[in-house]
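Please look through the sequence and the structure shown below. The report that follows takes up the parts one by one.

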Amino acid sequence: MARTTPFHSRVSALCTSYLYKDWNGFVAVCNFDAYSEREYYAIRQSAGLLDVSPLRKYEIRGPDGAKLLSRVMTRNIEKYGVGRVTYCALVDPFGKCLDDCTVGRIGKQHWRMTSSEPWVRWLHRYARGLDVTIEDSSDTLCALAIQGPAARKILKPITDFDMDRMRFFRIRPTRVAGCDVEISRTGYTGDLGYEIWIKPEDALTVYDALLEEGRPHQLQPIGLDALDVTRIEAGFVLQGIDYFSAKDCIIEIRKSTPDECGLGFTIDLERDIRFVGQEHVERERDEGSTWALVGLDIDWPALESLYNEYDLPPHLAPEACRLAVPIFSADGRKQVGQATSTTWSPTLKKYIAIGQVFAPYGQMGTALRVEHTVEFERRHLPCTVVEKPFFDPERKRFTPAAAAKKNRAKDAAK
Amino acid sequence: MSEIYDAVIVGGGHNGLVCAAYLARAGRKVLVLERRYLVGGAAVTEELHPGFKFTVCSYVVSLLRPWIVRDLELARHGLQIIPLECSFTPHLDGPGLCRWADPHKTRREIANFSVKDSEIYPEFGRAMGRLARFAKSFIDEPAPDPTSFRPRDLIQMMGLGQKFRSLPDDMAAIQLKLSTMSGVDFLDEWFESDQLKAPMSCSGIIGTMLGVRSPGTAYVLLHHYMGEIDGNSRAWGIAKGGNGAVSEAIASSAKAFGAEIRCNAGVERVLVKGGRAVGVVLAGSGEEIAARNVVSGCDPRLTFLGLVGRDHFDDEFVQQIERYKYRGSSGKVNLALDGFPEFTCRPGDGAHVRGDVAIAPSIDYLERAYTDAKYGNFSKRPYLNIVFPSLLDPTMAPPGKHVLSAFVQYAPYHIDGGPETWPDKREAFGDAVIDTIAEYCPSIREKILYKQVLSPWDIEKEFGLTEGNIFHGELSLDQLLFQRPTAGWARYKTPLKGLWLASSGAHPGGGVMGAPGGLAAKVMLEQGVV
Amino acid sequence: MSYDAIIVGAGHNGLVTAARLAKAGRKVIVLERRSIPGGIAAGEEFHPGYRHTGLLHDSAGVRPSLIKALGLEVQTRPVPLLHAVNTEGGFELGKAEELSPYTARLAKIRSFAQGLLAAPAPRIDSGGSVWPVAKASMSLRRLGDKEMMELLRIGPLCVDDFLDEWLKHPQTKALLAAPALVGTWMGPRSPTSTATLLLEALMRFEEIVGGPAALVNALVKSVQQAGAEIRTDVTVERIRLENGKVAGVVATGGDTFDAPIVAASCDPKTTVLGLISPVECPPMMEEDARCIRTRGAMAKVHLALNGAPSFGGAFKERMHTAQTTTELEKAFDAVKFRVLPDSPPLDIRVPTLSQPELAPSGHHVLSIAVHSVPFHLDAGWNADSRAELWTRIEASLTRFAPDILTQIVGKEILTPADIAERYGLSGGHIYGGEHALDQLYVSRPTLSWARHSTPIGGLYLCSSGTHPGGGITGAPGSLAAEAILGAGA
């Protein structure tokens, strides 16, 4: 029996498909319509509004807040000043990934950590001897994500802070529709977007205001299925799909170090406080990883050709598939990994996937084969290891005020 | 008496029936002799009150070996197991604690008592599951023999050693702790809340004369995680029709393979001639039945000192069998109810009571229950494990009415004054149990239509279990594996040629597993004695 | 100041480690928080003119070979017989007739047990070589099939059941059971208490004349003669690490001492959770330390008497008032329920009977160990609970020595909380960690650090919280020294 978020009355009224799923014990919308295409296009062409309240959130306060977070995260949180947000990995004492998180510094002694799994016990364990308090705000703080090219335009008129000045991966307290919130320029779509952290009693006020303000900009409420397509395009790994939290793994081979699940870039070894699991991560860097996380570009002509054999049109479903399929070496003889998230990208016009392969097969440009079933027959499609993110628009990072400042400086220099 | 059986099985308990079925399946001529009017031993269903079926003693199924279910085609012979969906622990204040199959629901319930515990709970389950797989490698094979240098035995020991060393290091440490610690001490390393640890620690005290804080009770926690139904790990269930249906299915399978089963045919003694067991003598009629092998489905003391007699064994063996501890500590109260007795803390007959219900509000409560028994009294406020089979299986009671099966810890066989004083104390014991239930379900008394109270003394008299020990002997570290029932005789063979032990008094021990019976048959067939 | 090794705490094991390292040519300093060395083995004047010889009575666990190796200036003598106090004049435990088959039985495994306990514990996890385990198993097998199986059978038994197999007399049983339970969290009905009975009974040699206090004096001399330094009134606050390895220690006031090796003589839990900065502590090491069980259950009473009391008509150097194992079990119930025991059995030593100089002429010192007094008391330890404890102890005393109260001229009561505070022992546990099957031998203090080394390079543990366990033996200290020397540091 799942619980509902404060936004449920609004989203359930709009969810004509009745397609919900469980997200951390909460009811979450898969699609508002029977198919998620319209919502996907909303994200990429105008803006989408998503209830992300089921995320776990923790308020870390106190003089040793950064110490605690540096101890448990791959990033050196001590380096991050007020207003900055960073994406990082939580690792177990044996160097295996437990979760991927964001940490935002809201105030001098106030950090907010978000994650997909619950970590109260973990945080308390490593808070021993530190001057810090840990508050679980998972159920006492709700959140909305507004993502897409029109996101800034929609927020600007109803937000106190000048959104033209809000930079990528920043967080700040402000007011939206007269309600005290925090806004972070973060998201899971790889697009221009923001997340708004709202008190439950203000939830509907903010939601209604956003919908109202967003109407002329074609803002659409979106569900998790549309989100999935965009996050694959953005090359983001999803815990529980592309890698598995070590605490949930029954066998060792299923666990991944950050380097093995695409989170190696979050590791910052320049630090005073060693993070839990650091020695193992370092050792692996010396000895080599077992797995590598890869982005795959699946050969479209080969796909068309394959379906042609069956006298069928090619199946390019703009819905993400989380059914893991084997990845084989180029000669098709040896299974070398699995593709865990696959989707046709309408924006890129490519058939893309995220997967894990044995490290030697993870080099850029490596030719591989991925399984694809047509009419109950298991066939292979050629694919190539390519760079991630697959989709990385300029608008994701662009900040008008910063650009204007730069131009003014250029002009002044002339 | 002209025919000679390949094997006569003394006692139609579930292990005896399994042994008979396997031997019959291998084409042998087998006869099962059961004293009571029905087979099953302590796994029986009896209609003690018109329209109400009682699963009199054992009442849950989980460890019944999958290979036995498969080999004996028990599903075809009527075995159906209904899963118990949850574990409910009512409290005197607050809504109590219910742990569900749904992990989110469970997490929220546990979080009412401790958020930290709610987070680590699934991880604990996973660690236990991993170790349960390690433990299972012991129960589906005859006991290892550390004294033997025979290649096969050395390989088995090495194999076990390898399995241990192949456990990830943190698992190896946990395994060591599990084997030696008390249930509470072990749980203390993971959890902080008393209300969660109390019901979790209970599996360690089932059928033992130990408390939740006694060393040696941690490894039994693993039992809870070893259960599987239909390959679904950790599931516990009740058999449709009560545990008697399990025995009936095995009996049906045995008969289908050609075994003969006779009830109302108690065995008085084993016939010994020329230093070997050659048959049995029935009680009452004195009828002699010849057999090449006599297999006992009874516990060690009854078998060796009762059915055979101490004169047929050397002093050392007799001393070992006499030292083998029983110390029955469990009782059973079965009630026929005129309607469902609601729990004050969570009213209604909803999903929360369609699993098992444990009266275990705190660790001190459980320890006090043990303290009473330690000094010779039944627990004034006992640990109860209650199931309402009628909620899952409507055939157990008339519509709208219910049966309540309450397993009780503790009721010491060696009660103050001696076990023969139990009949005088039975009423008070039953009252203590019902008083305890009434604290949580105030309407219970007025709903009782029929009451059966079984003390360990009753269990001994009625079901032939020495000192009322439901496992045919304590499942303590000194009475397990190669020491069950005693060192040197832990592989079903006994010092008397032709006599075999295939009951819960043999490896791997008690519970409705069927493993002792099945493994005994396998060993007998392998050795070509039958 | 730079050293080859720093010993934190001058407990008797720390002194042994210091002496052995110094004799091997290392530059060693011992840093002790209190003003006197010796830890719980130190003798102290608890009342003007009256001294005791240490918190624990027993010093018969010190191996003759260790005394020799360190050149300790001590005398030894056979352990005086334990007098069983009762209302019929009592009796000498060692003289009980039915005891000899029992003693003979134990003797069969004496050398096996001593061999096991004298050697370092093998590694049984995947990282260890099979050879030491195989060696230990072989020595087990050399006992013969029957003996080996018998050992495996009795180990898990509770002492009540085990002793029932040999003895009938209730008080004899009680007094054989009692020492098995000291330092454990068990009662006579607790399974596996037979294992600790065997451990306790088989590690006995001759006792030191003058008790643990005399051992401490001799150790101090040995340490100093070997060239090591002992500094008292220095409280180590933190063990300094550099790149995850030991670099030295920091004391209160900021004094630093440098060394690549630190051997901690404080109990393992206190060492890891108290002396290592949390953000530097390896996570699994911290988790393992957190799980070490150190629930103290002993209080100590020192009485200064102006005469010789009569305990049921006797006054002997070693006396015990337990009557039955049920009494011991009930006393342990109090520990489980976190309350004070009703009238707890008393484990008494009268050192003045062999060392009259410990008190004025004709006066006596009674050193009383009161087991089953829980560190974790629901009511908490404060003036009221201490007073209540004394009332209960009085009840036990006057049960057999009705006139004793008039003879008391001074007393000291150390509750488990006092013991924790005075000696820096986690949970007030006299053995630095409970004796329990999962906290002994290959897993003392934990499975990962049972060979006196730890995951932190250069950090060693030498206290009774390590193999082979507690009591005044010096064995952990000696094995720790061997581990340090063997590591070629």
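## Domains of chain B

In this predicted model, 18 residues of domain 1 of chain B are in contact with 19 residues of domain 3 of chain B. On the domain 1 side of this contact, β4 (45–49) and β5 (52–55) of chain B each supply at least two residues, and β5(B) gives the most, with four residues. Sorted by class, the side of domain 1 of chain B that touches domain 3 of chain B has eight nonpolar, six polar and four charged residues.

Chain B as a whole is divided into domain 1 (4–81 + 240–325 + 472–526), domain 2 (103–231) and domain 3 (327–463), so that domain 1 is written as several stretches of the sequence. Taken over C-alpha atoms, the centres of domain 1 of chain B and domain 3 of chain B are separated by 28 Å.

## Domains of chain A

For chain A the division gives domain 1 (8–53 + 141–222) and domain 2 (290–386), and 32 Å separate the centres of these two domains of chain A, again taken over C-alpha atoms. Their contact takes four residues from domain 1 of chain A and four residues from domain 2 of chain A. By class, the domain 1 side of that contact in chain A has one nonpolar, one polar and two charged residues.

## Nonpolar cores

The largest nonpolar core holds 313 residues, and V8(B), A20(B), I6(C), V30(C) and V262(C) are the members that touch the most others. If its neighbours within four places in sequence are left aside, A20(B) is in contact with I9(B), V30(B), V32(B), A254(B) and A259(B). Another core, of 116 residues, lies apart from the largest one, and V206(A), L227(A), V237(A) and L263(A) are among its residues.

## A helix and a sheet of chain C

Helix α9 (residues 193–202) of chain C is largely enclosed by the rest of the structure, because eight of its 10 residues are buried. The buried residues of α9(C) are S193(C), T194(C), A195(C), T196(C), L197(C), L198(C), L199(C) and E200(C), and they pack against α4 (110–118), α6 (145–154), α7 (159–164) and α8 (170–181) of chain C.

Chain C also has an open sheet of three strands in the order β10-β11-β12, with antiparallel pairing. Because β10 (236–242) and β12 (256–258) of chain C stand at the edges, each with a single partner strand, one side of each is left without a neighbour in the sheet. Neighbouring strands of this sheet are turned by 25° against each other on average, with direction ignored. The antiparallel pairing of β10(C) with β11 (residues 245–251) of chain C runs over six bridges, and I239(C) has V249(C), in β11(C), as its bridge partner.

Conventions: Residues are numbered from 1 along each chain as its sequence is written. Chains are lettered from A and ligands numbered from 1 in the order in which they are written. This is a predicted model: local features need pLDDT of at least 70, side-chain atom pairs count only at pLDDT 80 or more; totals for chains, interfaces and linings use all residues. Domain bounds come from an automatic or database domain assignment. Two residues are in contact if their C-beta atoms, placed from the backbone, lie within 7 Å. Ala, Val, Leu, Ile, Met, Phe, Trp, Tyr, Cys and Pro count as nonpolar, Asp, Glu, Lys and Arg as charged, and the others, Gly among them, as polar. A nonpolar core is a set of buried Ala, Val, Leu, Ile, Met, Phe, Trp, Tyr and Cys residues joined through C-beta atoms within 7 Å. A residue is buried if 20 or more other C-beta atoms lie within 10 Å of its own, exposed if 12 or fewer, and partly exposed in between; C-beta atoms are placed from the backbone. Two strands pair if DSSP finds at least two bridges between them. Axes are lines fitted to C-alpha atoms, for helices over the stretch in contact, and angles run from 0 to 180 degrees between N-to-C directions.
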